Amino acid sequence: MMGLSHDTVVGFAKSFGLFYLIALSIGICVYVFWPRNRDRFRRAKHSIMDDEDGPLTGEDRQ
Amino acid sequence: MITRFTIAERQASLVLLLLMTLAGLAMAAAGAGDAMGVHGFIVLFASLGLIFVVGGALYDPAPTEDRSRAYYDDPIKVGIVLAMIWAVIAMGVGDWVAWMLAFPDLRFDGAWSGFGRMRPVHTTGIIFGFGGNALIATSFHVMQRTCRARLAGQIAPWFVILGYNLFVVMAVTGYMMGVTQSKEYAEAEWYADIWLVIVWVVYFVLYLRTLARRNEPHIYVANWYYMAFILVVAVLHIVNNLAVPASFTAAKSYSLFSGVQDAMTQWWYGHNAVAFFLTSGFLGMLYYYLPKRANRPIYSYRLSILSFWGITFFYIWVGSHHLHYTALPHWVQTLGMTFSVMLLVPSWASAGNALMTLNGAWHKVRDDATLRFMFVAAVFYGLSTFEGSFLAIRPVNSLSHYTDWTVAHVHAGAMGWVALITFGAIYAAVPMIWRRETMYSWKMVEWHFWLALAGTLIYVFAMWNSGIVQGLMWRTYTEGGTLRYSFLDTMIAMHPYYIARGIGGLLFLAGAVIGFINIWMTIRAVGSDSKVLDVPTESEAGEPAVPVAE
């Protein structure tokens with residue numbers, strides 16, 4: 001268990017943790033501001049306004 | 001409700017209930033003389049009762065509804081009613097123990113009624129009974145509507161709702177018998193914990209299968225919050241409750257963790273229970289019911305996604321702020337503190353998004369108490385997340401920790417944010433689910449709103465005062481360097497605030513009782529005609545007429 005000393009684990013947590021959080025933040029920002037997602041989000045945001053009529057079936061999905 | 005089951009589904013439910021009856025019988029026999037035996041009888045009688053319900057309708061005619069055309073709302077109805085029943089019970093117990101702290105004679109000398117046993121009855125009853133049922137019920141509503149698809153299953157939703165309530169009943173009755181594993185918000189013992197894992201996995205699978213059926217290209221953001229709630233709570237629950245039972249025929253178990261690891265695991269769980277049980281799922285409610293009720297789309301959909309990931313990834317790390325000045329390594333404490341402060345950004349983004357959605361529609365907030373519930377909830381969400389970040393800072397924590405300030409903070413969140421958003425969501429959902437024009441009485445909604453708001457303010461201000469007085473008295477020294485105040489001195493100083501808290505809690509409870517009556521009268525359709533929708537109904541006779549050969 002030499003390779004898994006307290007200091008090693010702490011060192012890994014502090015370095016990897018930092019970079020994965022930065023990478024994640026960048027990834028999410030790219031997803032959110034990706035131009036092609038704009039219509040998708042706009043549709044989603046309005047879609048909940050009128051949804052009580054029951055599930056969509058094949059014919060009214062077009 | 002059973003008539004909506006096909007004959008095969010009724011038979012499958014009976015088999016399932018029979019298995020549960022046998023499990024209850026085994027628990028009752030093996031655990032005789034222990035609390036586990038009592039729980040065995042609870043499982044046994046609950047399952048037997050349901051066998052009579054299902055069995056009694058076994059030979060009723062098969063359902064005629066077109067399932068592809070209708071949402072499945074029966075389990076939501078039961079979930080909402082159960083949430084309100086738990087609200088009244090658990091707020092009642094909460095107010096009782098609040099008065100008990102001011103006047104200890106109110107314990108009435110029972111072993112079961114001591115503060116140490118009734119306090120977890122209150123917290124479990126509110127968080128898991130009231131909050132959990134409301135989350136499950138509204139998630140069934142939101143997932144179907146936003147996916148434009150029916151729930152993926154007929155038995156699974158019932159298994160989730162009823163199985164979950166069986167867990168809460170076992171937890172709460174266990175505490176009164178002295179069963180506890182001494183982990184805050186995770187006091188229930190090993191067999192109840194295993195049962196909850198089974199129920200929770202079924203819930204998760206049900207959610208995924210319904211999403212897989214969706215008729216919308218994008219999964220609406222409210223679902224993301226509900227999914228985070230289900231997934232992370234599963235992880236937290238399993239890890240924190242890892243334990244070895246002392247015997248398979250008794251309730252007592254020993255945690256796998258000890259010392260500071262136990263403390264860290266517990267508070268990693270404890271604060272993420274606040275994050276993913278009491279925040280994430282309720283944000284899901286906010287992002288669906290607030291735009292819907294205001295009839296305005298959410299102000300910024302992109303911001304809702306950014307704050308989702310912010311909340312998810314920052315919250316996971318903040319638990320160690322509960323362990324400042326302990327044996328926990330200093331850098332882990334600092335990590336918790338830093339992430340707690342950063343968490344303010346996505347939290348305020350969510351609160352701001354909600355308030356900006358209402359900007360321009362303030363007349364609706366003024367006129368509609370249901371929307372006002374959600375508006376005030378968003379304000380309290382912003383306030384209590386600010387307070388949470390502040391209290392997590394080490395020197396602030398040195399004053400606040402172990403005092404009533406923490407209690408004030410928790411209740412600003414639990415009453416002002418969680419309960420108010422839930423009441424708002426329930427008042428928005430009940431007329432939709434039961435197909436009514438409005439609630440039975442809008443005046444009762446107003447009464448509920450003002451009682452709840454007044455109760456919350458009285459409660460929170462009382463505990464702020466009490467906590468800061470308490471904290472300051474604890475750190476006051478004489479010139480000789482000794483502590484100036486004894487423990488008893490602090491108790492005497494806090495007494496008036498404890499009475500104020502009892503009054504605040506009573507107002508909040510009164511509001512919930514009025515709400516329950518109002519919901520019940522709406523369900524009973526007193527003084528209203530049921531709303532006709534242009535959708536297929538249960539019976540063929542109720543189908544809208546279709547003109548023939550025109």
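Predicted model: local features only at pLDDT ≥ 70, side-chain atom pairs only at ≥ 80, totals over all residues.

Trainee: Which helices of chain A supply at least two residues each to the side that touches chain B?

Mentor: α1 (6–33) and α2 (38–47) of chain A each do that. The largest share is from α1(A), with ten residues. By class, that side of chain A has 15 nonpolar, four polar and twelve charged residues.

Trainee: How do you know how much area chain A and chain B bury?

Mentor: Buried area is the accessible area that two parts lose on being put together, summed over both. Here that comes to about 3,400 Å², with 63% of it on carbon and sulfur atoms. In chain A, the residues losing the most area to chain B are A:I48, A:E52 and A:P55, together 20% of what that side buries. As for contacts, 31 residues of chain A meet 39 residues of chain B.

Trainee: And within chain B, what are the domains?

Mentor: The domain assignment gives domain 1 (1–64) and domain 2 (73–242 + 255–523). Their C-alpha centres lie 31 Å apart. Between them, about 1,500 Å² is buried, and carbon and sulfur atoms give 80% of that. The side of domain 1 that touches domain 2 of chain B has 17 residues in contact with 17 of domain 2.

Trainee: How many salt bridges does the rule find across that domain interface?

Mentor: One. B:D74 pairs with B:R4, with the closest N and O atoms 3.8 Å apart, and the limit is 4 Å, so the pair counts.

Trainee: Why do you say B:R4 and B:D74 tie together separate parts of the chain?

Mentor: Because B:R4 sits in the segment before α1 of chain B while B:D74 is in helix α3 (residues 74–102), 70 residues apart in sequence. Both B:R4 and B:D74 are buried.

Trainee: What about B:R372 and B:E446, how far apart are their closest N and O atoms?

Mentor: They are 2.8 Å apart, and the pair forms a salt bridge. B:R372 belongs to helix α13 (residues 369–391) and B:E446 to helix α16 of chain B, so this pair ties together parts that are 74 residues apart in sequence. Both residues are buried.

Trainee: Which residues join B:D73 and B:R145 in a network of salt bridges?

Mentor: A:E52 and B:R435 are linked with them. The B:D73 and B:R145 side chains themselves meet at 2.9 Å, N to O.

Trainee: Last one: why is B:S466 called buried?

Mentor: Buried means under 20% relative accessible area. B:S466 has 0% relative accessibility, so it counts as buried. B:S466 lies in helix α16 (residues 442–474) of chain B, and its side chain makes a polar contact with that of B:D404 at 2.7 Å. Leaving out residues up to four places away in sequence, B:S466 touches B:D404, B:M494, B:Y497 and B:Y498.

Definitions and conventions:
Residues numbered from 1 in each chain as written. Chains lettered and ligands numbered in written order. Heavy atoms only, no water. Contact = heavy atoms within 4.5 Å. Buried area = accessible area lost by both parts, 1.4 Å probe. Helix = DSSP H or I, 4+ residues; strand = E, 2+ residues; numbered from the N terminus. Nonpolar A, V, L, I, M, F, W, Y, C, P; charged D, E, K, R; others polar. Domains from an automatic or database assignment. Buried < 20%, exposed > 50% of the residue type's maximum accessible area, 1.4 Å probe, protein only. Polar contact = N/O pair within 3.5 Å; in protein donor to acceptor, adjacent residues only side chain to side chain.
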